[in-house]
Amino acid sequence: MKRIAIIGGGISGLSAAYALEQQRRAGVPVEYSLYESSSRLGGVLVTDRVDGCLIEAGPDSFLTEKPWAADLCRQIGLGDQLIGSNDAERKTYILVNGRLVVMPDGLMFMVPTKILPVIFSPLFSAGTKLRMAREWFHPPHKADHDETVAAMVERHYGAEMVDRLADPLLSGVYGGEASQLSVRAVLPRFAEMEARHGSLGRAMLSARKKLAAVTRGPSRPLFSSLRDGMQQMVDALLAHLSPRSLLVTARVNAIARRADGWVISADKNSDHFDAVIVAVPTQATASLLQSCSPELAGELGGIRYSSSVTVTLGYDKNVRAALPPGFGFLVPRSEGKRMLAATFVHNKFPHRAPEDRALVRCFLGGARDEGVLSASAHEILGLVRGELRQIIGLSAEPLFARVYKWSGAMAQYGVGHIERLERIERLRQQLPGLALAGNGYRGIGVPDCVRSGSEAASQLLSFLGITPALPAAKVTQPA
């Protein structure tokens with residue numbers, strides 16, 4: 001019987017555990033123990049219910065185009081619980097000079113693919129619009145080095161596009177800055193499109209036409225989620241796992257490499273394993289692996305993280321009627337606000353609030369405002385309510401409010417991240433039986449974390465010489 005330790009009980013670690021559990025039930029001689037330092041499993045996937053409203057403390061959805069989270073949901077019996085965003089109401093605003101301006105039609109993640117809507121939009125100055133027109137004639141350009149997203153976008157469209165679109169969009173996804181994040185790591189398709197087509201606009205339009213040619217039936221929603229919230233995924237996963245293999249309030253203090261495997265020390269107890277999956281933030285991973293490989297620990301510790309705060313406010317039907325239509329708004333840093341964005345949840349996912357309730361979800365923090373984490377909930381609520389009053393004229397007293405703080409939750413893929421991952425992989429291979437998973441490597445979204453955990457499990461089964469007894473998509477019912 002081979003034994004595998006999993007360190008970290010977020011969605012990456014749980015996905016690894018599920019992959020191993022499926023093989024164990026199919027008769028593969030493998031068992032696992034999952035260590036989680038806190039009292040609950042699931043990491044940032046936390047769903048609350050207040051006054052008939054469904055509130056997400058962490059991620060509220062995932063990108064539909066990345067299949068791994070939805071595939072896992074189907075495997076654990078949640079296929080009929082998957083829902084899509086209400087894209088018929090998908091309208092996003094950008095705060096410009098103190099007022100909300102609608103993002104024009106045809107923008108595909110900041111890349112204009114329709115000229116007329118952009119020309120008539122007040123979102124951009126005449127100079128930026130001229131640069132957008134000229135961008136269609138950019139020659140192919142293959143960069144010989146990594147660069148920031150800001151550098152690439154500015155080269156194509158100018159600084160105003162960075163300020164009003166690139167930076168706010170990346171703040172919402174990564175909690176980071178366009179001037180710091182790597183194109184190759186964060187937007188690899190942009191680098192590929194520039195090398196092949198030159199113009200990002202022409203490349204994106206070509207890709208959209210090809211997709212339309214092969215896609216039949218209604219278009220898929222941009223975002224997917226679960227009917228009863230993202231925690232539903234965690235709860236369903238736990239129902240498929242062996243309770244005796246899940247160790248909560250079990251903080252791992254040390255990992256030691258031995259000739260015959262690995263020794264995991266948690267609190268005052270130590271246990272021997274044939275292999276180990278480390279599925280915690282890279283800086284915590286660095287600390288645990290310092291004695292095994294100082295060089296690997298140094299590379300892992302070089303990956304930075306940012307923190308975030310989410311604030312959800314509930315209002316009555318009068319506020320709902322007065323709020324703008326659409327999904328919400330983004331706030332460029334040049335506007336001088338601390339809020340990064342706000343989502344009108346009752347529009348994005350209508351079933352998450354009764355018809356007589358409005359649900360507004362606000363985001364703060366990120367790489368430039370780690371200090372907000374030290375503010376009290378009362379101070380944060382005062383800040384958010386003040387800025388909502390300034391931005392959308394919302395002065396009504398909320399029926400309820402919830403504040404959630406996530407310290408060091410979002411990995412920042414800086415320039416050179418892909419090269420760093422190559423060095424990490426080379427050093428990891430010098431420690432047989434070690435696998436790494438989590439959002440610090442090749443994607444920070446829920447689907448990326450699911451994929452990383454599943455791949456880590458498969459990697460170790462292969463290392464141990466174990467042939468899987470059933471395909472990864474095979475479903476079994478809870479024991």
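This is a predicted model: local features need pLDDT of at least 70, side-chain atom pairs count only at pLDDT 80 or more; totals for chains, interfaces and linings use all residues.
Numbering runs from 1 along each chain as its sequence is written, and side-chain values use heavy atoms, with hydrogens and water left out.

Glu 147 sits in the loop between α4 (126-135) and α5 (149-157); helices are DSSP runs of H or I with at least four residues, strands are E runs of at least two, and both are numbered from the N terminus. With a relative accessible area of 14%, Glu 147 is buried (buried is under 20%, exposed over 50%, partly exposed in between, using a 1.4 Å probe and protein chains only). Beyond four places in sequence, Glu 147 touches residues including Met 152, Leu 181 and Val 415, where contact means heavy atoms within 4.5 Å.

As for charge pairs, the structure holds 27 salt bridges (a side-chain nitrogen of Lys or Arg within 4 Å of a carboxyl oxygen of Asp or Glu). One of them joins Asp 228 and Arg 49 at 3.1 Å, N to O. Asp 228 is in the loop between β11 (223-226) and α10 (231-240) and Arg 49 in strand β3 (47-50), so the pair ties together parts 179 residues apart in sequence. Arg 49 is exposed at 54%, and Asp 228 partly exposed at 39%. Another salt bridge, with N and O atoms 2.9 Å apart, pairs Arg 333 with Asp 167. Here the loop between β18 and β19 (341-344) is linked to helix α6 (159-174), across 166 residues. Arg 333 is buried at 19%, as is Asp 167 at 8%. Lys 66, Asp 448, Arg 451 and Glu 455 form a network of salt bridges.

Helix α15 (377-392) has 16 residues and should span 22 Å, which agrees with its end C-alpha atoms being 22 Å apart; the expected span is 1.5 Å times one less than the number of residues. Among its buried residues are Ile 380, Leu 383, Arg 385 and Glu 387, and their cover includes β7 (92-96), β17 (304-315) and β21 (400-412). Just past α15, Gly 393 takes a positive phi of about 70°.
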